[in-house]
Amino acid sequence: MGKKIAALVTDMVEEIELTDPVKAYEEAGHTVEIISDEASKEINGKNGDKIKADKGIADVDANDYDALLIPGGFSPDLLRINPKNGEFAKTFLQEDKPVFTICHGPQFLVETDLLKDRELTSFVSVRKDLENAGATVKDEEVVVDNNLVTSRTPDDLPAFNRESLKLLEK
C-alpha cells in the first residue's frame with residue numbers, strides 16, 4: 001500500500017529537488033501533497049517554475065502523513081520563519097517517521113532541536129550550522145541515519161531517491 005508523503009516547501013525551492021523525488025515516489029505508488037504557507041499558494045521556484053501548494057501548514061497534521069520531504073534551494077531558510085513548519089517537521093523525527101531532505105534542506109531541521117548525534121550530509125554552505133546543532137556531517141552522496149535520508153546536491157538525486165524509496169517500503 002502506498003504511503004502519504006508531505007513535501008514542505010515555499011518560494012525559492014530548488015525545483016528539481018522537489019519534482020524528481022515526487023516523480024519517483026508517485027511512480028512507486030505513493031502520494032505526495034505539497035504543503036506551504038497557505039493552501040493553493042503559487043510557489044515561485046528558484047529557477048522560475050511555478051508550483052501550486054495543495055495545503056497550508058495551518059491546515060495539516062503530521063499524524064496524517066507517513067513521511068516528510070524537504071527539498072533544498074532557499075526554501076528551507078524561508079521555512080524557518082514560521083515556527084509551525086519546525087513543529088510539523090519535529091513530529092516526524094520524534095515519531096521515527098521517514099524524513100528525506102537534500103541540499104540546503106537539512107538546515108531547516110535545525111529548527112527541530114533534534115539533530116544532536118545524528119549523521120547526515122548537506123550542501124557545503126550549511127554544514128557548519130548542522131555541526132553547531134550537534135550533528136555529524138559527512139561528505140557523501142547520501143547518508144541514511146535510521147529514518148533520516150540526506151543528500152548534498154541535485155547530482156545526488158538518484159542515490160537520494162533510491163534510499164528514500166527503500167524506507168518507504170518498510
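Mentor: Helices (H or I, at least four residues) and strands (E, at least two) are DSSP runs, numbered from the N terminus. This is a predicted model, where local features need pLDDT of at least 70 and side-chain atom pairs count only at pLDDT 80 or more, while totals for chains, interfaces and linings use all residues. Residues are numbered from 1 along each chain as its sequence is written, and side-chain values use heavy atoms, leaving out hydrogens and water.

Trainee: Why is S36 called buried?

Mentor: Buried means under 20% relative accessible area, exposed over 50%, and partly exposed in between (1.4 Å probe, protein chains only). S36 has 0% relative accessibility, so S36 counts as buried. You will find S36 in strand 2, residues 31–36.

Trainee: Which residues is S36 in contact with, beyond its neighbours within four places in sequence?

Mentor: Contact means heavy atoms within 4.5 Å. By that rule S36 touches V9, T10, K41, I43, A53, K55, G56 and I57. A polar atom of the S36 side chain also lies 2.8 Å from the backbone oxygen of V9.

Trainee: What makes Y25 and F100 a tilted pair?

Mentor: A pair of rings is described by the distance of the centres and the angle of the planes. Rings of Phe, Tyr and Trp (its six-membered ring) pair if their centres lie within 6.5 Å; planes under 30 degrees apart count as stacked, over 60 as edge-to-face and the rest as tilted. The count by this rule is three aromatic pairs. For Y25 and F100 the centres are 5.7 Å apart and the planes make 45°, which gives a tilted pair. Y25 lies in helix 1 (residues 16–27) and F100 in strand 7 (residues 99–102), so this pair ties together parts 75 residues apart in sequence. Y25 is buried at 0% relative accessibility, and F100 is buried with a relative accessible area of 0%.

Trainee: And what kind of aromatic pair do F88 and F92 form?

Mentor: F88 and F92 form an edge-to-face pair, with 5.2 Å centre to centre and 65° between the planes. Both sit in helix 3 (residues 83–94), four residues apart, about one turn of the helix. Both F88 and F92 are buried. Ring pairs join Y65 with F88 and F92 in a cluster.

Trainee: How do you know that E33 and K55 form a salt bridge?

Mentor: A salt bridge is a side-chain nitrogen of Lys or Arg within 4 Å of a carboxyl oxygen of Asp or Glu. E33 and K55 meet at 3.5 Å, N to O. E33 lies in strand 2 and K55 in strand 5 (residues 55–56), so the bridge ties together parts 22 residues apart in sequence. E33, at 17% relative accessibility, counts as buried, whereas K55, at 28%, counts as partly exposed.

Trainee: How many salt bridges does the rule give?

Mentor: The count comes to 16 salt bridges. One of them joins R127 and D139, with the closest N and O atoms 3.3 Å apart. R127 lies in helix 5 (residues 127–132) and D139 in the loop between strand 9 (136–137) and strand 10 (142–145), twelve residues apart. Salt bridges with shared partners join R127, D139, R152 and D156 into one network.

Trainee: Why is F74 called partly exposed?

Mentor: F74 has a relative accessible area of 43%, so F74 counts as partly exposed. F74 is found in the loop between strand 6 (67–70) and helix 2 (75–79).

Key: A polar contact is a pair of N or O atoms within 3.5 Å; within protein, one must be able to donate a hydrogen and the other to accept it, and residues adjacent in sequence count only if both atoms are side-chain atoms.
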